[in-house]
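Work through the following exercises with the sequence and the model side by side. Each task is followed by a solution that goes step by step.

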Amino acid sequence: MRIIIWLAMFCVLLTVSFSFLIKENKPSMNSMDSITFTKHVIHDTFISEGVAVGDVNRDGLKDIIANFYWFEAPEWKVHEIQKPQNYDFTKGYSNSFLNYTMDVNFDGWLDFIFIGFPGEEVYWFENPKGKEVYWTKHLIDSNACNESPMFVDIDDNGRMDLVFGNENTGTMMWLRSPDSKNDLDWTPIPISKINSPGTKKYDHGLGYGDVNNDGRNDIIITHGWWEAPLDRKQVPWRFHKTDFGKPCSQMYVYDFDRDGDNDIISASAHKFGIWWHENISNRDDPGFSRHLIDSTFSQTHGLAFTDMNKDGLPDIITGKRFFAHQGKDPGGLDPAVLYWYELQMDEDNNPSWIPHLIDDNSGAGLQVVIDDLNNDGKLDIINSNKKGVIYFLQD
(Lines give C-alpha, C1' and ligand atoms only; values in the text may rest on other atoms or scores of the structure.)
Protein backbone atom coordinates (compact mmCIF):
# COMPACT_ATOMS: atom_id res chain seq x y z
CA MET A 1 0.00 0.00 0.00
CA ARG A 2 2.85 2.41 0.89
CA ILE A 3 4.45 1.75 -2.48
CA ILE A 4 1.19 2.62 -4.27
CA ILE A 5 0.83 5.86 -2.25
CA TRP A 6 4.43 6.88 -2.96
CA LEU A 7 3.97 6.17 -6.67
CA ALA A 8 0.78 8.27 -6.73
CA MET A 9 2.54 11.18 -4.96
CA PHE A 10 5.44 10.92 -7.38
CA CYS A 11 3.09 11.10 -10.39
CA VAL A 12 1.32 14.17 -8.97
CA LEU A 13 4.66 15.90 -8.32
CA LEU A 14 5.86 15.07 -11.82
CA THR A 15 2.66 16.44 -13.38
CA VAL A 16 2.86 19.69 -11.39
CA SER A 17 6.54 20.15 -12.27
CA PHE A 18 5.88 19.50 -15.95
CA SER A 19 2.97 21.97 -15.99
CA PHE A 20 5.15 24.58 -14.28
CA LEU A 21 7.86 24.16 -16.92
CA ILE A 22 5.33 24.57 -19.72
CA LYS A 23 3.96 27.71 -18.08
CA GLU A 24 7.41 29.19 -17.55
CA ASN A 25 8.33 28.66 -21.21
CA LYS A 26 5.24 30.38 -22.60
CA PRO A 27 5.72 33.97 -23.87
CA SER A 28 5.15 36.52 -21.13
CA MET A 29 2.10 38.73 -21.52
CA ASN A 30 4.14 41.46 -19.85
CA SER A 31 6.77 41.18 -22.60
CA MET A 32 9.73 41.58 -20.30
CA ASP A 33 12.00 40.89 -23.27
CA SER A 34 10.57 43.82 -25.26
CA ILE A 35 12.70 45.60 -27.81
CA THR A 36 14.21 48.95 -26.81
CA PHE A 37 15.17 52.13 -28.64
CA THR A 38 17.70 54.95 -28.42
CA LYS A 39 16.47 58.47 -29.13
CA HIS A 40 18.29 60.80 -31.52
CA VAL A 41 17.26 64.43 -32.11
CA ILE A 42 18.68 65.76 -35.38
CA HIS A 43 16.72 69.02 -35.48
CA ASP A 44 15.15 70.52 -32.37
CA THR A 45 12.77 73.08 -33.87
CA PHE A 46 9.40 72.75 -35.59
CA ILE A 47 9.71 72.48 -39.37
CA SER A 48 7.31 69.73 -40.46
CA GLU A 49 4.73 67.17 -39.37
CA GLY A 50 5.63 64.92 -42.25
CA VAL A 51 8.87 63.02 -42.75
CA ALA A 52 10.41 60.70 -45.32
CA VAL A 53 13.43 58.40 -45.59
CA GLY A 54 15.57 57.54 -48.61
CA ASP A 55 19.06 57.58 -50.08
CA VAL A 56 19.02 61.11 -51.49
CA ASN A 57 22.67 61.28 -52.63
CA ARG A 58 23.11 57.61 -53.64
CA ASP A 59 25.91 56.91 -51.15
CA GLY A 60 24.23 53.76 -49.82
CA LEU A 61 23.01 55.42 -46.61
CA LYS A 62 19.43 56.37 -45.79
CA ASP A 63 18.84 60.09 -45.32
CA ILE A 64 15.91 61.88 -43.69
CA ILE A 65 13.73 64.51 -45.39
CA ALA A 66 11.39 66.87 -43.54
CA ASN A 67 9.77 69.84 -45.27
CA PHE A 68 12.45 71.68 -47.27
CA TYR A 69 15.42 70.11 -45.49
CA TRP A 70 17.20 66.87 -46.15
CA PHE A 71 19.53 65.53 -43.49
CA GLU A 72 22.52 63.62 -44.83
CA ALA A 73 23.45 60.41 -43.02
CA PRO A 74 25.40 59.53 -40.99
CA GLU A 75 26.22 62.94 -39.46
CA TRP A 76 22.88 64.48 -40.50
CA LYS A 77 24.41 67.41 -42.34
CA VAL A 78 21.62 69.84 -43.30
CA HIS A 79 20.82 70.61 -46.94
CA GLU A 80 18.03 72.81 -48.29
CA ILE A 81 15.54 71.65 -50.92
CA GLN A 82 13.84 75.05 -51.09
CA LYS A 83 14.03 78.15 -48.93
CA PRO A 84 12.88 77.00 -45.44
CA GLN A 85 10.33 78.79 -43.26
CA ASN A 86 10.10 79.26 -39.51
CA TYR A 87 6.99 78.30 -37.53
CA ASP A 88 5.59 79.07 -34.08
CA PHE A 89 3.80 75.90 -32.90
CA THR A 90 1.90 77.86 -30.21
CA LYS A 91 0.13 79.86 -32.92
CA GLY A 92 -0.18 77.72 -36.03
CA TYR A 93 1.00 74.97 -38.32
CA SER A 94 3.71 74.22 -40.83
CA ASN A 95 2.99 73.99 -44.55
CA SER A 96 4.38 70.42 -44.59
CA PHE A 97 1.85 67.77 -43.57
CA LEU A 98 3.09 64.58 -45.27
CA ASN A 99 6.34 63.77 -47.07
CA TYR A 100 7.30 60.87 -49.36
CA THR A 101 10.18 59.85 -51.61
CA MET A 102 10.10 58.26 -55.06
CA ASP A 103 12.08 58.30 -58.29
CA VAL A 104 9.36 60.14 -60.18
CA ASN A 105 11.25 60.82 -63.43
CA PHE A 106 13.11 57.50 -63.83
CA ASP A 107 16.60 59.02 -63.63
CA GLY A 108 17.82 56.79 -60.78
CA TRP A 109 17.68 59.55 -58.13
CA LEU A 110 15.04 59.80 -55.39
CA ASP A 111 12.73 62.76 -55.71
CA PHE A 112 10.64 64.37 -52.97
CA ILE A 113 6.82 64.40 -52.80
CA PHE A 114 5.46 67.22 -50.67
CA ILE A 115 1.88 67.37 -49.38
CA GLY A 116 1.20 70.73 -47.79
CA PHE A 117 -1.64 72.15 -45.72
CA PRO A 118 -5.03 70.41 -46.27
CA GLY A 119 -6.80 71.63 -49.37
CA GLU A 120 -3.67 73.07 -50.91
CA GLU A 121 -1.15 71.94 -53.50
CA VAL A 122 0.84 68.72 -53.83
CA TYR A 123 4.26 68.97 -55.48
CA TRP A 124 7.17 66.78 -56.40
CA PHE A 125 10.67 68.20 -56.22
CA GLU A 126 13.27 66.97 -58.67
CA ASN A 127 16.53 65.70 -57.18
CA PRO A 128 19.42 67.81 -58.58
CA LYS A 129 21.74 64.78 -58.63
CA GLY A 130 24.24 65.92 -56.05
CA LYS A 131 24.32 69.61 -56.91
CA GLU A 132 23.92 72.06 -54.00
CA VAL A 133 21.02 73.95 -55.59
CA TYR A 134 17.33 74.28 -54.86
CA TRP A 135 15.32 71.38 -56.27
CA THR A 136 13.01 72.10 -59.23
CA LYS A 137 9.34 72.15 -58.21
CA HIS A 138 6.59 70.39 -60.22
CA LEU A 139 2.85 70.61 -59.47
CA ILE A 140 0.98 67.32 -59.03
CA ASP A 141 -2.43 68.67 -57.97
CA SER A 142 -3.85 71.88 -56.57
CA ASN A 143 -6.38 70.51 -54.06
CA ALA A 144 -5.37 67.64 -51.75
CA CYS A 145 -8.03 67.10 -49.08
CA ASN A 146 -8.42 64.79 -46.08
CA GLU A 147 -5.64 65.02 -43.49
CA SER A 148 -4.08 61.59 -44.16
CA PRO A 149 -3.38 61.43 -47.92
CA MET A 150 -1.97 58.03 -48.86
CA PHE A 151 1.01 56.91 -50.93
CA VAL A 152 0.14 53.39 -52.11
CA ASP A 153 0.25 51.27 -55.26
CA ILE A 154 -3.38 51.34 -56.44
CA ASP A 155 -2.99 49.58 -59.80
CA ASP A 156 -0.38 47.02 -58.68
CA ASN A 157 2.19 48.12 -61.26
CA GLY A 158 5.03 48.50 -58.75
CA ARG A 159 4.80 52.31 -58.73
CA MET A 160 3.33 54.25 -55.82
CA ASP A 161 0.28 56.46 -56.38
CA LEU A 162 -1.40 59.19 -54.33
CA VAL A 163 -4.90 59.03 -52.80
CA PHE A 164 -6.80 62.01 -51.38
CA GLY A 165 -10.07 63.90 -51.66
CA ASN A 166 -10.95 66.85 -53.87
CA GLU A 167 -13.16 69.34 -52.09
CA ASN A 168 -14.08 71.18 -55.28
CA THR A 169 -15.86 68.15 -56.72
CA GLY A 170 -16.44 66.20 -53.50
CA THR A 171 -14.73 63.14 -54.96
CA MET A 172 -12.20 60.72 -53.55
CA MET A 173 -9.51 60.13 -56.16
CA TRP A 174 -6.26 58.43 -56.87
CA LEU A 175 -3.51 60.02 -58.91
CA ARG A 176 -1.68 57.51 -61.06
CA SER A 177 2.05 58.17 -60.95
CA PRO A 178 4.03 58.56 -64.18
CA ASP A 179 5.00 55.27 -65.77
CA SER A 180 7.36 56.67 -68.38
CA LYS A 181 10.10 59.30 -68.39
CA ASN A 182 8.45 60.67 -71.54
CA ASP A 183 5.26 61.62 -69.70
CA LEU A 184 5.66 62.86 -66.12
CA ASP A 185 2.06 63.92 -65.54
CA TRP A 186 0.12 62.40 -62.63
CA THR A 187 -3.29 61.22 -63.91
CA PRO A 188 -6.23 62.00 -61.58
CA ILE A 189 -8.83 59.21 -61.51
CA PRO A 190 -11.95 59.58 -59.32
CA ILE A 191 -13.16 56.53 -57.43
CA SER A 192 -16.33 58.04 -55.96
CA LYS A 193 -19.44 59.90 -56.98
CA ILE A 194 -19.49 63.67 -56.46
CA ASN A 195 -20.23 65.06 -52.99
CA SER A 196 -18.94 61.91 -51.29
CA PRO A 197 -17.93 61.79 -47.60
CA GLY A 198 -14.29 61.97 -46.53
CA THR A 199 -13.33 64.44 -49.26
CA LYS A 200 -13.48 67.80 -47.51
CA LYS A 201 -10.44 69.84 -46.58
CA TYR A 202 -10.26 68.86 -42.91
CA ASP A 203 -11.83 65.40 -43.09
CA HIS A 204 -10.00 62.78 -41.02
CA GLY A 205 -9.39 59.11 -41.66
CA LEU A 206 -8.10 57.32 -44.74
CA GLY A 207 -6.97 53.74 -45.18
CA TYR A 208 -6.06 51.05 -47.69
CA GLY A 209 -6.50 47.29 -47.54
CA ASP A 210 -8.57 44.30 -48.61
CA VAL A 211 -11.77 44.75 -46.60
CA ASN A 212 -13.83 41.99 -48.26
CA ASN A 213 -10.98 39.51 -48.80
CA ASP A 214 -11.29 39.40 -52.58
CA GLY A 215 -7.59 39.93 -53.24
CA ARG A 216 -7.92 43.64 -54.11
CA ASN A 217 -7.10 46.51 -51.77
CA ASP A 218 -9.98 48.87 -51.05
CA ILE A 219 -10.03 52.50 -49.88
CA ILE A 220 -11.46 53.20 -46.43
CA ILE A 221 -12.81 56.27 -44.63
CA THR A 222 -14.66 56.52 -41.31
CA HIS A 223 -18.01 56.53 -43.16
CA GLY A 224 -17.35 53.30 -45.06
CA TRP A 225 -15.24 51.89 -47.87
CA TRP A 226 -14.94 51.86 -51.63
CA GLU A 227 -14.63 48.37 -53.12
CA ALA A 228 -11.79 48.11 -55.61
CA PRO A 229 -12.94 46.83 -59.02
CA LEU A 230 -10.86 44.60 -61.29
CA ASP A 231 -10.10 47.67 -63.40
CA ARG A 232 -8.95 50.33 -60.94
CA LYS A 233 -9.72 53.02 -63.53
CA GLN A 234 -13.41 52.16 -63.37
CA VAL A 235 -15.58 55.05 -62.13
CA PRO A 236 -17.10 55.00 -59.57
CA TRP A 237 -16.05 52.25 -57.21
CA ARG A 238 -18.92 50.70 -55.24
CA PHE A 239 -19.30 52.39 -51.83
CA HIS A 240 -20.27 50.43 -48.71
CA LYS A 241 -21.62 52.69 -46.00
CA THR A 242 -20.20 51.61 -42.62
CA ASP A 243 -19.53 53.30 -39.29
CA PHE A 244 -15.83 53.13 -38.45
CA GLY A 245 -16.15 55.50 -35.52
CA LYS A 246 -14.65 58.87 -34.73
CA PRO A 247 -12.44 61.04 -36.96
CA CYS A 248 -9.10 59.27 -37.08
CA SER A 249 -5.73 59.13 -38.80
CA GLN A 250 -4.38 56.30 -40.98
CA MET A 251 -6.47 53.10 -41.11
CA TYR A 252 -5.17 49.55 -41.67
CA VAL A 253 -6.65 46.15 -42.50
CA TYR A 254 -5.75 42.78 -40.94
CA ASP A 255 -7.48 39.61 -39.70
CA PHE A 256 -6.80 40.21 -36.00
CA ASP A 257 -8.93 37.35 -34.67
CA ARG A 258 -7.90 34.85 -37.37
CA ASP A 259 -11.47 33.99 -38.30
CA GLY A 260 -10.92 34.35 -42.03
CA ASP A 261 -12.27 37.87 -42.53
CA ASN A 262 -10.47 41.18 -42.27
CA ASP A 263 -10.75 43.73 -39.46
CA ILE A 264 -9.69 47.40 -39.31
CA ILE A 265 -7.50 49.54 -37.04
CA SER A 266 -8.11 53.25 -36.41
CA ALA A 267 -6.96 55.87 -33.90
CA SER A 268 -8.50 59.20 -32.88
CA ALA A 269 -6.80 62.19 -34.50
CA HIS A 270 -7.78 64.78 -31.88
CA LYS A 271 -9.44 62.95 -28.97
CA PHE A 272 -8.81 59.74 -27.03
CA GLY A 273 -8.95 56.24 -28.45
CA ILE A 274 -7.24 53.51 -30.46
CA TRP A 275 -9.61 50.82 -31.73
CA TRP A 276 -9.92 47.65 -33.74
CA HIS A 277 -13.12 47.10 -35.69
CA GLU A 278 -14.08 43.42 -35.77
CA ASN A 279 -15.62 42.09 -38.95
CA ILE A 280 -18.74 40.29 -37.75
CA SER A 281 -20.69 39.46 -40.90
CA ASN A 282 -20.25 38.16 -44.41
CA ARG A 283 -17.65 38.79 -47.07
CA ASP A 284 -19.92 40.61 -49.53
CA ASP A 285 -21.30 43.11 -47.06
CA PRO A 286 -19.31 43.04 -43.81
CA GLY A 287 -20.43 44.76 -40.63
CA PHE A 288 -18.12 45.74 -37.80
CA SER A 289 -18.05 45.83 -34.01
CA ARG A 290 -15.71 48.36 -32.40
CA HIS A 291 -13.30 47.37 -29.57
CA LEU A 292 -11.13 49.77 -27.57
CA ILE A 293 -7.39 49.07 -27.48
CA ASP A 294 -6.27 52.11 -25.46
CA SER A 295 -7.50 55.54 -24.40
CA THR A 296 -4.75 56.72 -22.04
CA PHE A 297 -3.52 59.53 -24.30
CA SER A 298 -5.02 61.61 -27.09
CA GLN A 299 -4.25 63.03 -30.54
CA THR A 300 -2.96 59.88 -32.27
CA HIS A 301 -2.86 61.73 -35.60
CA GLY A 302 -0.13 59.51 -37.04
CA LEU A 303 -0.30 55.71 -37.07
CA ALA A 304 2.04 53.05 -38.47
CA PHE A 305 1.32 49.34 -38.71
CA THR A 306 4.15 46.83 -39.07
CA ASP A 307 5.89 43.93 -37.32
CA MET A 308 8.32 45.80 -35.06
CA ASN A 309 9.73 42.81 -33.17
CA LYS A 310 9.60 40.33 -36.07
CA ASP A 311 7.41 37.79 -34.29
CA GLY A 312 5.15 37.36 -37.31
CA LEU A 313 2.39 39.67 -36.00
CA PRO A 314 1.93 43.30 -37.07
CA ASP A 315 2.12 45.95 -34.34
CA ILE A 316 0.83 49.51 -33.94
CA ILE A 317 3.18 52.48 -33.61
CA THR A 318 1.68 55.83 -32.67
CA GLY A 319 2.04 58.80 -30.36
CA LYS A 320 0.57 62.12 -29.35
CA ARG A 321 0.62 64.81 -31.99
CA PHE A 322 2.00 67.48 -29.67
CA PHE A 323 -0.04 70.71 -29.76
CA ALA A 324 -2.19 69.43 -32.62
CA HIS A 325 -4.56 72.34 -31.99
CA GLN A 326 -2.23 74.44 -29.84
CA GLY A 327 -3.06 72.40 -26.76
CA LYS A 328 -6.83 72.91 -27.05
CA ASP A 329 -7.74 69.29 -27.79
CA PRO A 330 -8.73 66.92 -24.96
CA GLY A 331 -5.49 65.93 -23.25
CA GLY A 332 -3.66 68.45 -25.41
CA LEU A 333 -1.26 69.52 -22.65
CA ASP A 334 -0.38 65.97 -21.57
CA PRO A 335 3.14 64.58 -22.21
CA ALA A 336 4.05 63.95 -25.86
CA VAL A 337 4.30 60.17 -25.61
CA LEU A 338 5.35 57.67 -28.26
CA TYR A 339 4.27 54.00 -28.00
CA TRP A 340 4.41 50.75 -29.86
CA TYR A 341 1.63 48.27 -29.22
CA GLU A 342 2.66 44.64 -29.45
CA LEU A 343 0.00 42.38 -30.92
CA GLN A 344 -0.39 39.05 -29.15
CA MET A 345 -2.85 36.21 -29.70
CA ASP A 346 -4.08 33.77 -27.06
CA GLU A 347 -4.84 30.09 -27.69
CA ASP A 348 -8.37 31.01 -28.82
CA ASN A 349 -7.06 33.61 -31.31
CA ASN A 350 -8.29 36.54 -29.24
CA PRO A 351 -6.06 39.56 -29.94
CA SER A 352 -4.59 41.82 -27.29
CA TRP A 353 -2.14 44.69 -27.52
CA ILE A 354 0.68 45.23 -25.02
CA PRO A 355 1.64 48.94 -24.80
CA HIS A 356 5.36 49.77 -24.69
CA LEU A 357 6.30 53.36 -23.89
CA ILE A 358 9.21 54.49 -26.07
CA ASP A 359 9.45 58.14 -25.06
CA ASP A 360 7.43 60.83 -23.25
CA ASN A 361 8.90 63.95 -24.86
CA SER A 362 8.55 63.55 -28.61
CA GLY A 363 5.20 62.18 -29.73
CA ALA A 364 4.40 61.90 -33.42
CA GLY A 365 3.43 64.11 -36.30
CA LEU A 366 0.93 63.38 -39.05
CA GLN A 367 2.80 60.28 -40.14
CA VAL A 368 5.01 57.74 -38.40
CA VAL A 369 7.70 56.29 -40.64
CA ILE A 370 9.15 52.85 -39.94
CA ASP A 371 12.38 51.91 -41.69
CA ASP A 372 15.67 50.15 -41.04
CA LEU A 373 17.55 53.41 -40.93
CA ASN A 374 21.05 51.99 -40.34
CA ASN A 375 20.62 48.71 -42.26
CA ASP A 376 21.19 46.49 -39.20
CA GLY A 377 18.11 44.34 -39.80
CA LYS A 378 16.05 46.05 -37.08
CA LEU A 379 13.16 48.45 -37.64
CA ASP A 380 13.52 52.04 -36.45
CA ILE A 381 11.01 54.88 -35.96
CA ILE A 382 11.31 58.29 -37.64
CA ASN A 383 9.14 61.28 -36.71
CA SER A 384 8.91 64.99 -37.40
CA ASN A 385 6.58 67.23 -35.43
CA LYS A 386 6.49 70.31 -33.24
CA LYS A 387 9.27 68.84 -31.09
CA GLY A 388 11.61 68.66 -34.08
CA VAL A 389 12.97 65.85 -36.27
CA ILE A 390 13.63 62.77 -34.15
CA TYR A 391 14.43 59.14 -34.82
CA PHE A 392 14.51 56.14 -32.52
CA LEU A 393 17.11 53.50 -33.35
CA GLN A 394 16.20 50.00 -32.25
CA ASP A 395 18.93 48.69 -29.91
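**Exercise 1. Work out in which order the strands of the open sheet of eight strands lie, and which strands stand at its edges.**

Solution. In this predicted model, the open sheet has the strand order S17-S16-S15-S14-S18-S19-S20-S21, with mixed pairing; strands here are DSSP runs of E with at least two residues, numbered from the N terminus, and two strands pair if DSSP finds at least two bridges between them. Strand S17 (238-241) and strand S21 (288-298) stand at the edges, and because each has a single partner strand, one side of each is left without a neighbour in the sheet. Neighbouring strands of this sheet are turned by 20° against each other on average, direction ignored, where the axes are lines fitted to C-alpha atoms and angles run from 0 to 180 degrees between N-to-C directions.

Before going on, note that residues are numbered from 1 along each chain as its sequence is written, and that side-chain values use heavy atoms, with hydrogens and water left out. As the model is predicted, local features need pLDDT of at least 70 and side-chain atom pairs count only at pLDDT 80 or more, while totals for chains, interfaces and linings use all residues.

**Exercise 2. Find in which sense S18 pairs with S19, and in which sense S14 and S18 run.**

Solution. Strand S18 (residues 250-254) pairs with strand S19 (residues 263-267) in the antiparallel sense, over three bridges. Within this pairing, Val 253 stands opposite Ile 264, and Tyr 254 has Asp 263 as its bridge partner. S14 and S18, by contrast, run parallel and are joined by two bridges, with Leu 206 opposite Gln 250.

**Exercise 3. Determine which strand gives the most to the lining of the largest pocket.**

Solution. S10 gives the most, with five residues. Among the other strands that each supply at least two residues are S14 and S18.

Conventions: Helix = DSSP H or I, 4+ residues; strand = E, 2+ residues; numbered from the N terminus.
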